[in-house]
Amino acid sequence: MDFREDVHDEVRPSLGSLQSYFAKCYGTSRWRTLRAALEAPAQKVAWLNLRAEPPKASLPSTVKLIVHKSGSAFLMCSNGSDGSAELPAPSPCQLCSDFYPGGSTQKVTSHYLLDGASILPALALDPLPGEQVLDMCAAPGGKSLILAGQLFRQDAAHATPNSASQAAAPPRRTSLLVSNDKTAARRGRLKRVLQEYLGPSMVSDHGPVIVSSVDATESRVSPTWPMHFDKILVDAPCSSERHIIHGAPGASWSASRLKRDAQVQQLLLRSAVRRLKPAGGKLVYSTCSIAPIENDGVIAKLLAHERYGTGLTVQDPLAELRHPSFRPLVLGVERTRHGAIMLPDKSGFGPIYWAVLVRSKGVTDDGAVSASSSAESDSDDSVSDDGDDSDDGDGGDGGESDDLAATSDEEKRR
């Protein structure tokens, strides 16, 4: 099979290796259909910004409204198209009067377009009002918007007390979302997206939405973060094969690069475990890679680690996605050993891989082991290639992020 004619010359030499690798992973027949789907335009959905006044115009008959149990709402095309023609363009709107009963001159953007699979890890995390949540690799901001929509969903109901019982109710625990990215350019875009959709008053150095600049691969994460988060999303940098197949300038692929990516992903997960609430903290790991070594392989290595795997259990990745009304957005999802994957040859969306972990005990940021009788030295923070390729060639996985992948802003808008 020949690749697209518009593939950049820098990318083309690595495509033969990519072809051989994934034909082995998925089998020749499945890989042929999967590669064709990866070459096609990604199918988009629209996350509806509930902080914006709803549009008055009616939607085309080919556009369907899907509402998640959390109240998050999405538009998707029901005719199998990529949505570029049917979904309306985002536009500025007044802040919703449910959030600002006295009125406001601020405007926010109506909706955010992203790959239909990219919403799944954020919804699987299921942040609740009053929780402290970290989006560790947040740029360009699509998943942070979905997290914010869930985390601050009670703001409308509490905008002004409308009864004596509301006025006398005890104060709620303050919700917090920390959206992090270490790269200045990407972080700048992240902040603009959050302000554009949530409003400038929501995004500040003191919350409720904070944009931070931490290199989360460091063994000691920023003291400016809370000691522990209730829930953490690690949408890790990955090899992002769809973008490579589409010939992004500067992108390249190799099997050795997958191993380097997996090492970075392991460091990110270990940082997340250190900052996860010791009892009941929830972690979702995701990538947009289709390589098993970056997906189930990374989770398996974390779980097997004597220090960082302590007290972590794998949860059902579809537990928060099973509502009947949400079924159109999870059709085609495939279960893997530790998580789930959505691939475009089965669904039209993706790729995205995600796994859900819950912590009952484990390592803390100061190196101690909570609810456990022993602690290990900080030498365990290092990650090396142990030469084990056992996860390189069995089945499929995938997810989303970037930083390591050379992709354009538009390609990474999700």
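**A walk through the fold, its cores and its voids**

Of the chain's 414 residues, 54% count as buried, meaning under 20% relative accessible area with a 1.4 Å probe and protein chains only. Keep in mind that this is a predicted model, where local features need pLDDT of at least 70 and side-chain atom pairs count only at pLDDT 80 or more, while totals for chains, interfaces and linings use all residues. Residues are numbered from 1 along each chain as its sequence is written, and side-chain values use heavy atoms, with hydrogens and water left out.

The chain has eleven helices and 17 strands; these are DSSP runs numbered from the N terminus, with helices being H or I of at least four residues and strands E of at least two. Take the contacts (heavy atoms within 4.5 Å) between residues at least 6 apart in sequence: 77% of them join residues at least 24 apart.

Now for the inside. A nonpolar core here is a set of buried Ala, Val, Leu, Ile, Met, Phe, Trp, Tyr and Cys residues joined through side-chain atoms within 4.5 Å. The largest one has 50 residues, and Phe-22, Tyr-26, Trp-31, Val-234 and Leu-283 touch the most other members. Helix α1 (residues 12–26) is the top contributor to this core, giving seven residues. Look at Trp-31: setting aside neighbours within four places in sequence, its contacts are Leu-18, Gln-19, Phe-22, Ala-23, Tyr-26, Leu-38, Ile-245 and Ile-290. There's also a second, separate core of 47 residues, with Val-45, Phe-74, Leu-120 and Leu-125 among them.

Helix α9 (residues 296–304) is worth a stop too. Its buried residues are Asp-296, Gly-297, Val-298, Ile-299, Ala-300 and Leu-302, and their cover includes α8 (255–275), β11 (281–287), β12 (312–315) and β15 (352–359).

On a 1 Å grid over the protein atoms alone, a pocket is an open set of points with protein on both sides within 12 Å along at least five of seven lines, a cavity is a set where a 1.4 Å probe fits but cannot get out, and lining residues have an atom within 4 Å of a point. Volumes are the space filled by probe spheres set on the points, which are joined across faces, edges and corners. The second largest pocket holds about 370 Å³. Its lining has 17 residues, and Leu-48, Pro-54, Pro-55, Ser-110 and His-111 lie nearest the centre. Two cavities reach 30 Å³ or more. The second largest cavity is lined by Lys-191, Val-203, Ser-204, Asp-205 and Val-211.
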